[in-house]
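This report describes the fold, cores, cavities and selected residues of one structure. Please keep the sequence and the 3D view at hand while reading.

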Amino acid sequence: MISFDDYKDQEPAWCPGCGNFGIRNAFIDAMTGMGMEPHQLVIVSGIGQAAKFPHYVKCNAFNGLHGRALPVATGIRLANHRMHVIVMTGDGDCYGEGGNHFVHAMRRNVNVKLFVHDNQIYGLTKGQASPTSMEGMVTKAQPFGVMSEQFNPLAMAIALDCGFVARGFAGDRAHLAGLFVRAMEHEGFALVDILQPCVTFNKVNTYEWYRERVWKMDGEHDEGDRMEAFKMSLLWGERIPIGVIFRKRRPTYEERNPVISRAPLVEQAFDRSKLAAALAEFY
Amino acid sequence: MGEPSDKRPVFDDDECTGCGLCVDECPNDCIDLNDDDVAFLARPDDCDGCGTCSEECPSEAITME
């Protein structure tokens with residue numbers, strides 16, 4: 001029987017009170033609840049406070065370049081799609097630096113779970129506006145307030161027909177753990193955008209701010225209705241829906257790719273003569 | 001910081017996210033996280049009921065009773 005303690009690794013160096021603790025603990029709750037063992041997982045991350053996640057949880061891990069977690073995760077799935085591949089990233093890392101990868105991973109529908117710690121600020125670099133910072137928010141780097149439109153990851157995911165689109169809140173551990181389980185059970189790419197208070201640098205979107213606004217929409221709309229989901233994804237302000245917003249089963253990249261659809265690449269024989277033949281034209 | 005009192009913190013396990021702020025802020029070092037990373041009063045004899053934990057908890061998971 002796998003326990004919470006089996007997943008604990010280094011002592012986290014996040015600020016006390018950080019929303020990342022709620023996310024980490026909800027994640028471990030979800031994994032232990034599913035009977036998932038650390039060796040069955042690969043967690044891939046980029047750069048940022050969220051990207052430190054695999055250091056604080058026992059798992060197979062790859063901590064790569066800023067914004068580039070999704071390409072690495074895609075590569076891992078192509079090599080061995082028996083592994084559960086999870087990307088832990090933040091709003092800056094994923095929607096900023098990695099925005100291009102975010103778009104194309106959803107188009108491919110590679111079976112990777114994308115969990116975005118969305119604190120609406122760059123925390124690691126001490127408080128610059130991120131793509132999800134709200135318009136008008138004043139930071140040390142944005143003294144006149146944020147002048148760009150706030151990025152809406154859920155609306156974009158639904159526009160790209162992403163098969164699993166959800167939003168969680170780091171202050172609701174049990175609800176978030178439930179979303180992680182559903183994302184893991186979904187066959188295909190899954191996005192969970194997680195509202196995460198940054199107690200040090202984001203003085204606008206605090207625990208209290210989120211708590212006054214979030215409402216659980218589970219069961220209140222048809223998850224399979226794309227137009228309704230799109231409307232839900234646009235809600236932001238006085239009420240912010242959390243829960244599964246959109247769900248659709250689409251063929252995954254792994255199912256469609258003829259080379260790996262029968263067996264993972266790692267389980268296939270390596271024919272050296274084919275490689276020699278392919279290389280022959282270069283010399 | 002609050003004044004010492006006869007009250008003691010009561011933890012709502014469902015609301016606690018395990019962020020550890022109360023552990024850090026407690027002036028008498030009497031709170032720990034359990035094996036599931038949920039806060040609890042580990043050293044009740046050291047607690048003087050000041051309520052700092054309750055005030056600081058971002059999840060409003062601690063009440064003084």
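The model is predicted, so to speak of a local feature takes a pLDDT of at least 70, side-chain atom pairs count only at pLDDT 80 or more, and totals for chains, interfaces and linings use all residues. Residues are numbered from 1 along each chain as its sequence is written, chains are lettered from A and ligands numbered from 1 in the order in which they are written, and side-chain values use heavy atoms, with hydrogens and water left out.

**The two chains**

Chain A has 11 helices and eight strands, whereas chain B has two helices and four strands. Helices (H or I, at least four residues) and strands (E, at least two) are DSSP runs, numbered from the N terminus. In chain B the order from the N terminus is β-α-β-β-α-β. The radius of gyration of chain B is 10 Å, close to the 11 Å of the globule rule for 65 residues, so chain B is as compact as a globular protein of that length. For chain A, the value of 19 Å agrees with the figure near 19 Å for a compact globule of 283 residues. The radius is taken over C-alpha atoms, and the globule rule is 2.2 Å times the number of residues to the power 0.38.

| Chain | Residues | Span | Buried residues |
|---|---|---|---|
| Chain A | 283 residues | about 60 × 45 × 45 Å | 54% |
| Chain B | 65 residues | about 30 × 20 × 20 Å | 43% |

A contact is a pair with heavy atoms within 4.5 Å. Among contacts in chain A between residues at least 6 apart in sequence, 72% join residues at least 24 apart. In chain B, residues 24 or more positions apart account for 54% of the contacts with a separation of 6 or more.

**Nonpolar cores**

A nonpolar core is a set of buried Ala, Val, Leu, Ile, Met, Phe, Trp, Tyr and Cys residues joined through side-chain atoms within 4.5 Å. The largest one has 36 residues, and Phe27(A), Phe115(A), Phe180(A) and Val192(A) have the most contacts inside it. Elements of chain A that each supply at least two of its residues include helix H2 (19-33), strand S3 (84-90) and helix H7 (173-185). H2(A) gives the largest share, seven residues. Beyond its neighbours within four places in sequence, Phe115(A) is in contact with residues including Phe27(A), Ile86(A), Met88(A), Phe180(A), Val192(A) and Ile194(A). A second, separate core of 30 residues includes Ala69(A), Phe102(A), Val110(A) and Phe189(A).

**Helix H5 and Asn109 of chain A**

In helix H5 (residues 99-108) of chain A, the residues Gly99(A), Phe102(A), Val103(A), Ala105(A) and Met106(A) are buried. Their cover includes helix H3 (69-79), helix H4 (91-97), strand S4 (112-118), helix H6 (153-159) and S6 of chain A. Asn109(A) is in the loop between H5 and S4 of chain A and is buried, with a relative accessible area of 2%. Asn109(A) has a positive phi of about 60° although it is not a glycine. Most residues other than glycine have a negative phi.

Asp37(B) lies in the loop between strand S2 (31-33) and strand S3 (39-41) of chain B, and is buried at a relative accessible area of 5%.

Ser45(A), found in strand S1 of chain A, is buried with a relative accessible area of 0%. Leaving out residues up to four places away in sequence, Ser45(A) touches Ala51(A), Pro54(A), Phe62(A), Asn63(A), Gly64(A), Ala69(A) and Met88(A).

**Cavities**

A cavity is a set of points, on a 1 Å grid over the protein atoms alone, where a 1.4 Å probe fits but cannot get out; lining residues have an atom within 4 Å of a point. Grid points are joined across faces, edges and corners, and a volume is the space filled by probe spheres set on the points. There are three cavities of 30 Å³ or more.

The largest cavity has a volume of about 110 Å³. Its lining has 14 residues, and Cys16(B), Cys22(B), Ala39(B), Cys57(B) and Ile62(B) are the closest to its centre. The second largest cavity has a volume of about 90 Å³. Of the 14 residues that line the second largest cavity, Cys26(B), Cys30(B), Cys47(B), Cys50(B) and Cys53(B) are the closest to its centre.

Note on methods:
Buried means under 20% relative accessible area, exposed over 50%, partly exposed in between (1.4 Å probe, protein chains only). On a 1 Å grid over the protein atoms alone, a cavity is a set of points where a 1.4 Å probe fits but cannot get out, and a pocket is an open set with protein on both sides within 12 Å along at least five of seven lines; lining residues have an atom within 4 Å of a point.
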